[in-house]
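Here is my note on the model you sent.

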Amino acid sequence: MLTTPEKIVFALLALITLYAAYLTAKRIIAVISRGHGKPDWSQVPKRLLEVTGQTLVLTPVWRARPIASLLHAFVAWGFFFYILVNIGDLLEGYIADFSFMGTGRLGDYYRLFADLFSVSVLVGMAGLMVRRFILKDPSLKTRDSTLLHPKAAQGKARDSLIVGIFVLTHVGFRLLGESFHLAMEGGDRWQPFANAVSGAWLGGSEPVLTFGAHFSWWIALGVIMAFIPYLAYTKHIHLLMAPINFLLTPRYNSPGELEALDFEDESIEQFGATRLEDLSWYQIMDAYACIMCNRCQDACPAYNTGKVLSPAALEINKRYFINQEMKALASGEESSQTLLEFAISEEAVMACTACGACTDICPVGNDPMRDIMDIRRSMVLMENNFPEQWQNAFRGMERTTNPWGVPSAERMNWAEGFDVPTIEQNPEPDVLWWVGCAPATDNRAQKTAQAFAQILARAGVNYAVLGKNEQCTGDSARRAGNEYLFYELALANVEILNEVAPKRIVTTCPHCLHTLKNEYQAFGGDYQVIHHSELIEELMKDGSLKLSAEQTASVTFHDPCYLGRQNNIIEEPRDILQSSGAQLVEMALSGEKSFCCGAGGAQMWKEEEHGETGVNLSRFKQAAETGADTLAVGCPFCMVMLTDAGKAQGSEMQVKDIAEIVVEGLD
Ligand code: SF4
Ligand code: SF4
């Protein structure tokens, strides 16, 4: 119980602290509000239960780094309970003879959990500090060649140290305070740890023990008062920002769906993001939700192959830049530097394969890939600044409607010798096969199209193709930042498709699948789109397609990013491989955690940025390490990249599309 002057001092301290925190929060909200768009609050009731459960269980955290995740959970769960503990301690300090939760069974359980969670926080935080400061876990570092805000390198370590010291002091002194009380009161079996510590004070005089309890109360609650105004500047604010991120950030048809730009509105002068304030509000908020854990960096294929791109550095740089310019940004001034000057280098922007691994793994729901795509848009649309080689692909898409530059008249050449009906020949198909530019024009990928044509014929599927009227979906243009070209292709394709009104669309290309299924909705095209693995599985299940199942080769399946991670089609390719008799062996990085082949994000059309190795070489090596005879793919881009990698490494492992493997197994 505090004395009256102490109560007044603490109340004043709390008022000052809360006012300082209010001013900082006001500024942060003002900075976040500089981004375009507005939060959709109507989402909150719908998501509240899900986000509460996810926050309590820490669902996104467990997907990687099990030991660090466990230590983090010890701290997080303890802190959830400490909301109660701090309220209880405050009330007990102010109200004479008050016992929070009472002296009955409820009070017993409360004291037990307070005691257990105190220890869990201390163990968890001590473990995390040992990992960072003694073991110096290399995954917490970023390579020197990556652009990092001058204050971030030391600031990251300093923030972690301050947060660590705060947590250990707050909880440590709370436990100590309880031990002094127990030394005076004669022990409490419901507080085993505080009881054990109290043994150290046995024989202590009452004034000394009272002073100890009193002092501990002040330190335990006093550090909160000191820490609250600082909280907003540290990664600890993710405690608030992460749940807000999950509650309010828009959800897309697929995480990789990009937002359409409005080219009809002539008042819009900025396309893409040149400066921080050109990002959306939730992209700015990402900087505050970021816990600087580098999990996204760990998952990034560009970073893993020695490129200068680190999605974590991008978020961290945004945070430090905002902290540095907070007052000016909050008052509406233009940010003093462009994103390319402080957040991410041009080279890093161009190294992104748009694989979405960073967004997928982030435990606080951040989306660094979206920032990179927006910066590319600004580079391409506002500054005409992009690699020379992309010009060829853009020209191909503009003039011949495919990035290979193959004339439309030759688009059906692959089907010579196969009986492939066009929509004119079969105007009422059950399935419209969207062949895609690569299977239609690339020599190697054509074999996939030919294999799939055989499967459809064998199963007696009533299908048709658009033939010469099919154009590129524009996926590469969109991910290269050329949103205007994508917009033109999307409008043209949607017009054709709406005229055909397909019951279902099937495609062998996950990029076509993703675009047709998830991104054309914004342009008036709402279609049921499936991958060829899904159709083949369906045909196998309904008995239309029978396999001899005599194949015995061991096969490892490479999940294309836009099939597995972006569209959650993971089991179907495996099911049909196994049904065709293949012995399936998995790579360490598979399913949603698959490693990119290196072609996505329009990388297919340009040289890779400088690094230690190629993304495709790295992925092929992972596949070769399984010892499989065959590397199965389900994407024409993956086919090209991994076939090239196999040749470069002189490997005997064959690269085949799942359709080719199925054809080999046909009766
Ligand atoms: S999308 Fe892929 S390549 Fe791009 S930053 Fe994220 S993880 Fe790296
Ligand atoms: S963006 Fe997410 S995954 Fe990356 S460092 Fe920040 S919190 Fe970690």
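How do the residues of the lining of the largest pocket divide into nonpolar, polar and charged?

1. The lining of the largest pocket has 32 nonpolar residues, 8 polar and 1 charged. Ala, Val, Leu, Ile, Met, Phe, Trp, Tyr, Cys and Pro count as nonpolar, Asp, Glu, Lys and Arg as charged, and the others, Gly among them, as polar.

2. Basis of the values: this is a predicted model, where local features need pLDDT of at least 70, side-chain atom pairs count only at pLDDT 80 or more, and totals for chains, interfaces and linings use all residues. Residues are numbered from 1 along each chain as its sequence is written, chains are lettered from A and ligands numbered from 1 in the order in which they are written, and side-chain values use heavy atoms, with hydrogens and water left out.

3. The largest pocket holds about 1,200 Å³ of space. Its lining counts 41 residues, with Leu231, Ile237, Leu239, Leu240 and Met241 closest to the centre. A pocket is an open set of points on a 1 Å grid over the protein atoms alone, where a 1.4 Å probe fits, with protein on both sides within 12 Å along at least five of seven lines; lining residues have an atom within 4 Å of a point. Volume is the space filled by probe spheres set on the points, which are joined across faces, edges and corners.

4. α1 gives the largest share of that lining, 9 residues. Helices are DSSP runs (H or I, at least four residues), numbered from the N terminus.

5. Around ligand 1 there are 13 residues; Cys300, Cys352, Cys355, Gly356 and Cys358 come nearest. Near means a heavy atom within 4 Å. The shell has 11 nonpolar residues, 2 polar and no charged. α15 (357-361) and α16 (368-382) each supply at least two of its residues.

6. The structure holds 34 aromatic pairs. Phe263 and Tyr484 form an edge-to-face one, 5.0 Å centre to centre and 90° between the planes. Rings of Phe, Tyr and Trp (its six-membered ring) pair if their centres lie within 6.5 Å; planes over 60 degrees apart count as edge-to-face.

7. Phe263 is buried at 19% relative accessible area. Tyr484 is partly exposed at 37%. The cut-offs are under 20% for buried and over 50% for exposed, with partly exposed in between (1.4 Å probe, protein chains only).

8. The charged end of Arg143 sits over the ring of Tyr303, 3.9 Å from its centre. The criterion: CZ of Arg, or NZ of Lys, within 6 Å of the ring centre and within 35 degrees of the ring normal.

Definitions and conventions. Rings of Phe, Tyr and Trp (its six-membered ring) pair if their centres lie within 6.5 Å; planes under 30 degrees apart count as stacked, over 60 as edge-to-face and the rest as tilted.
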